[in-house]
Every structure is written in structure tokens, then in C-alpha cells.
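Good morning, everyone. Let me put the structure on the screen, and then I will walk you through it.

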Amino acid sequence: MGAQAGGFLAQPPGLDGEPGLGIAGVTGVARGRTWDAVASAHCPDLTGDGVAFVVLGDGTILVEENVPDDSLVPLADAIEGTLHTPYRAAAVRTSGDAWSVVAEKVEIVEIPGLDGDVVDLNVVDGERDLTVDGERTLRQVPALDALAENQGDVALHAERIDDDLFAVDVFPL
């Protein structure tokens, strides 16, 4: 697995700043984000204090940050013990060369010719609402429409990760 530069939007893990750390029963509201896998690994070649990346189905690692080649492989290997590709991950240095990483399963779709970086598709009671970079549009996006098909009411959120590739989260409503 090798790391490739990509242009994707991702938020690294961390505390949400709310009192009680978003723990149900302490603040009354559970944290919104859940992770499918959590792991740790030693990454002696990885620089910085945090990194976000996506691993494609073929094992290719896409990362926006400039990191040494193959420095993310120990993190990907640690996650792949419990979660199969593709997935989105974020890691933070805990001490020395020890890193903690979280990951969530994600759909990867190709959307050729789309100018925007963030796409939201909502289908409720058969009504379709699509926004690209926050602007409503009537444009058809066959790859997203196919994911939404047979889902009933659903919300899809897609973020560009590299060229025409988008990481898509599917939220049944």
C-alpha cells in the first residue's frame, strides 16, 4: 500500500468541546459520530501530530497531507484487522511513534464531470433534493441516484477524495 496525495475533506477525531464530552447521561445527548473500528500502531516514519486518509478497495491510501511514502501502512494494517476496505480514517499521535486511529466504512463512487467537492442528496417520500457545494441543483448524478435507489427515505453525503472519486456516507432516514 502506498500513500497518494488527494484533495478530500475530512475532520480528524477529537473531543467536541461540549461539557461531559458528549457522553449520554452526562450531557443528555450522545455524540453524533460513531466509528466502525479503533486501533493503535507504531508509525516511526509518520510525521506531524494528526492525519486523515481514505483507503480504497484495492488498498490504495489517499491522503491530503504530505507524509512519507508507506508511513500510513501500519495504521491501515491495524484497522484492516477489524474493518475491510474501503474506509475513511483519522489518526492522532499519542506519544513518540505511537498513534491511535479510528475508521468508518464508506462507499466510494466515481462522479465524472462534477465541479463541486461536496454533494448532498436527500430523498424523502420520493422527492429528490440535491446540493453541490451548498447550491441546489436539478442535475442528475447517476452514481448517487443508484446508491439511493431502493433505500426509501435516505440522505447521502459525498466528499471528493481524488479526481472523480468521492467518499459517500449513506444515512437511512
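Start with the surface. The protein exposes about 9300 Å². Carbon and sulfur atoms supply 50% of that area. Keep in mind that this is a predicted model.

Now the inside. The protein has 173 residues, and 39% of them count as buried. Look at contacts between residues at least 6 apart in sequence: 60% of these join residues at least 24 apart.

Next, the secondary structure. How many helices and strands are there in the protein? Two helices and twelve strands. Reading along the sequence, you get β-β-β-β-α-β-β-β-β-β-β-α-β-β.

Let's take the open sheet. Six strands form it, in the order E7-E12-E11-E8-E9-E10, and the pairing is antiparallel. Which strands stand at the edges? Strand E7, residues 107-110, and strand E10, residues 135-137. Each has a single partner strand, so one side of each is left without a neighbour in the sheet. Neighbouring strands here are turned by 30° against each other on average, direction ignored.

Strand E9 covers residues 127-132, and E9 pairs with E10 over three bridges, in the antiparallel sense. Leu130 stands opposite Thr137 in E10.

As a reminder, strands of a sheet pair through backbone hydrogen bonds, either parallel or antiparallel.

Now strand E2, residues 37-42. In a regular strand the side chains alternate between the two faces of the sheet.

What does E2 pair with? Strand E6, residues 98-105. Six bridges join E2 and E6, and the two run antiparallel. The bridge partner of Ala41 in E6 is Trp99.

Last stop: Val63. This residue is found in strand E4, residues 61-63. Is Val63 buried or exposed? Buried means under 20% relative accessible area. Val63 has 2%, so Val63 counts as buried. Now look across the sequence. Val63 and Ile161 are 98 residues apart along the chain, yet their C-alpha atoms are separated by 8.4 Å.

That is the tour. Questions, please.

Notes
Residues are numbered from 1 along each chain as its sequence is written. This is a predicted model: local features need pLDDT of at least 70, side-chain atom pairs count only at pLDDT 80 or more; totals for chains, interfaces and linings use all residues. Side-chain values use heavy atoms; hydrogens and water are left out. Helices (H or I, at least four residues) and strands (E, at least two) are DSSP runs, numbered from the N terminus. Buried means under 20% relative accessible area, exposed over 50%, partly exposed in between (1.4 Å probe, protein chains only). Contact means heavy atoms within 4.5 Å. Accessible areas come from the Shrake-Rupley method with a 1.4 Å probe; for residues, only the protein chains shown count as cover. Two strands pair if DSSP finds at least two bridges between them. Axes are lines fitted to C-alpha atoms, for helices over the stretch in contact, and angles run from 0 to 180 degrees between N-to-C directions.
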